[in-house]
Amino acid sequence: MAQFSLSPTGEKFKLPEADDYQKEFLRLQELVKEQKALGREIVVVMGLGFVGAVMAGVVADTVNKNGEPIKFVIGMQRPSTRSFWKIPWINRGISPVSSEDPEVATLIHRCVNEKKTLTATYTYEALKFADVVVVDIQCDYLKESLGNVRNGRADMEALEESIEIMAEHVPPEALILIETTVAPGTTEQIAYPIIKKAFRRRGINSDPLLAHSFERVMPGRNYVASIREFWRVCSGVNEEAKQRVVKFLNEIINTEKYPLTVLDRPIESETAKIVENSFRATILAFLDEWSIFAERNGVDLIKVIEAIKVRPTHNNIIFPGPGIGGYCLPKDGGLGIWAYQHIHGWEDDIFKITPLAIDINDTRALHVAQLTRDALRNMGRPIAAAEILLLGASYKEDVGDTRYSGSELIVRRLTEMGADMRVHDPYVLRWWEFEKQDEYPGSSRSLKRFFRGQEKLKELCVEQDLKKALSGIDALIFAVRHKHYLNLDPDEVVKDAGGPIAVIDCFGILDDAKIRRYFELECEVKGLGRGHVKRIKDEVRQRRSED
Ligand SMILES: NC(=O)c1ccc[n+]([C@@H]2O[C@H](COP(=O)([O-])OP(=O)(O)OC[C@H]3O[C@@H](n4cnc5c(N)ncnc54)[C@H](O)[C@@H]3O)[C@@H](O)[C@H]2O)c1
């Protein structure tokens, strides 16, 4: 039976069948012949996800001093039911990732339809044409329990399998650039031997040209610039690989303005990525306990942070919202901890801060459910059967990426407590973590398994009409700082809701005037790290009793 892949807009694409592969190979062969005749290098980008899709566009957009394109990019993506649609979308010139950065859509459109330097495919045979392979597939870290990163492992099988396939197809002189965030040691101790052995089987004696350079891409307002106009770290397994990766990055990235850092060994480049993200996870986790302190002692942590930030040595202190999601920060430290034992063979337990930080971040969102419960209780409403609207499904403002978002945990916990959840997010059309919770992000890997009563969440639709979403709710949770939520007028909100509601601010979205207005409208307000709301409430009550 034919299988289909459903795009976020609901369009169905039939997955390729056995006899489609030969036709696809011939299509690519023809394209490559034309492009080679134009003197362009063939770059295969593997994995057209949040990183690969935009990286493919950036490479395809590269020009020489005369403004002529110098690369032809074949974006290669597995034809899975979840991801196949990305291929026909890219081939129409449509970006498979949605973003606040308008350059993402124009970049993909320009390269596919105008410059004709980008195509997408599902066949691994594309690797046979590669001068350069850029690896942007994922390497997951699988956690076995909620809030205990130590009880998990790197998902190496999928990565190893992909490297094996690559090694069987690539020309020996191709540069293989791993951009995937990997457990430190992977490039030299896992990828290199796999490729070397495959080369030997193929009768190739030369050393693989294998390099590592991690991505620092930030999906959001500066999505494209965060690849092209940003500093890079790289290294290679041998001198030639190092020179090739430096040449490649110099061509596609603005290294004049953002110079490259070339490290001696790939393990150093790999470690740089893990340490960089563990550092970030740690400074975010650090404020969790102070957030509780603030709530219990009348302190507005948002103002405290602003006060501290004026000091230049402390200006990267950041308020940690309802949990730290995204694909990277919840897992990267885990990859490092895992590598220490399972790649490098150490037995002792040297890691204290990194796992603690990840565990704190992974469970911070649960506190939002407590605040919601308490706010509703103050209004004399039980949480069970309460209608609650969550504003924002993604992990970060102004992007459509829901991976490991704190919002998912909020929905799951409140559902477990009996609430009826609604969600609004202008960037997210389908919330796969719920809609496909039995198979995404992998069978038996959904966060669903840590909560009870989750079955009905398969029906959870992401509302696009805010007015409709607000109608008849008991509680409103501001979870993400999407620009659409920053200026919502309390009077309008309460009018659309049909009466007073509980309002939970997870991200310092409400200023004091808005908090005051919600209280005047007989709402209840609570917020992460916002202990001062009680003072505002008392003032409003005092004034009311004096009137
Ligand atoms: N998302 C970010 O903001 C970000 C930032 C910096 C680094 N990274 C790192 O970049 C890597 C990729 O992340 P992402 O966010 O793009 O992940 P993603 O899940 O969005 O994309 C990975 C893509 O690779 C495809 N894929 C998997 N195996 C494949 C194979 N064998 N052949 C072809 N395609 C395959 C998947 O179907 C998917 O489309 C990860 O290591 C991540 O940690 C991500």
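**Salt bridges and strands**

Author: Happy to! Arg 413 counts as partly exposed, because its relative accessibility is 25%. Keep in mind that this is a predicted model.

Reader: Which residue does Arg 413 form a salt bridge with?
Author: Its partner is Glu 416, and the closest N and O atoms are 2.6 Å apart. Both residues lie in helix α14 (residues 406–416), three residues apart, which is about one turn of the helix.

Reader: And Glu 416, is that one buried or exposed?
Author: Glu 416 counts as buried, because its relative accessibility is 16% and the cut-off for buried is under 20%.

Reader: Nice. How many salt bridges does the structure hold?
Author: There are 54 salt bridges. One of them joins Arg 201 to Glu 168, with 3.8 Å between the closest N and O atoms. Arg 201 is in helix α6 (residues 186–201) and Glu 168 is in helix α5 (residues 156–169), so this pair ties together parts that are 33 residues apart in sequence.

Reader: What about the accessibility of Arg 201?
Author: Arg 201 counts as exposed at 56% relative accessibility, while Glu 168 is partly exposed at 39%.

Reader: Which residues are linked in a network of salt bridges?
Author: That network links Asp 61, Glu 103, Arg 110, Lys 115 and Arg 228.

Reader: Switching topic to strands. Which residues of β11 are on each side?
Author: In strand β11 (residues 233–236), Val 233 and Ser 235 are on one side, with Cys 234 and Gly 236 on the other. All four are buried, leaving both faces of the strand covered. In a regular strand, side chains alternate between the two faces of the sheet.

Reader: Which strands is β11 joined to, and how do they run?
Author: Strand β10 (residues 209–212) runs antiparallel to β11 and is joined to it by two bridges. In that pairing, Ala 211 stands opposite Gly 236. Two bridges also join β11 to strand β12 (residues 261–262), and those two run parallel. Here Val 233 stands opposite Thr 261.

Reader: What do β11, helix α8 and β12 make together?
Author: They make a right-handed β-α-β unit, with helix α8 covering residues 239–252.

Reader: Last one! Which residues make the nonpolar surface patch?
Author: Phe 286, Trp 290 and Phe 293 make a patch of about 310 Å². Phe 286 is found in helix α9 (residues 266–296) and counts as partly exposed, because its relative accessibility is 45%.

How values were computed. Residues are numbered from 1 along each chain as its sequence is written. This is a predicted model: local features need pLDDT of at least 70, side-chain atom pairs count only at pLDDT 80 or more; totals for chains, interfaces and linings use all residues. Side-chain values use heavy atoms; hydrogens and water are left out. Buried means under 20% relative accessible area, exposed over 50%, partly exposed in between (1.4 Å probe, protein chains only). Two strands pair if DSSP finds at least two bridges between them. A crossover is right-handed if, with the strands pointing away from the viewer, the path from the first strand over the helix to the second runs clockwise. Patches are made of residues with over 30% relative accessible area and no salt bridge: like charges are joined within 9 Å, nonpolar side chains (Val, Leu, Ile, Met, Phe, Trp, Tyr) within 5 Å. Accessible areas come from the Shrake-Rupley method with a 1.4 Å probe; for residues, only the protein chains shown count as cover. A salt bridge is a side-chain nitrogen of Lys or Arg within 4 Å of a carboxyl oxygen of Asp or Glu.
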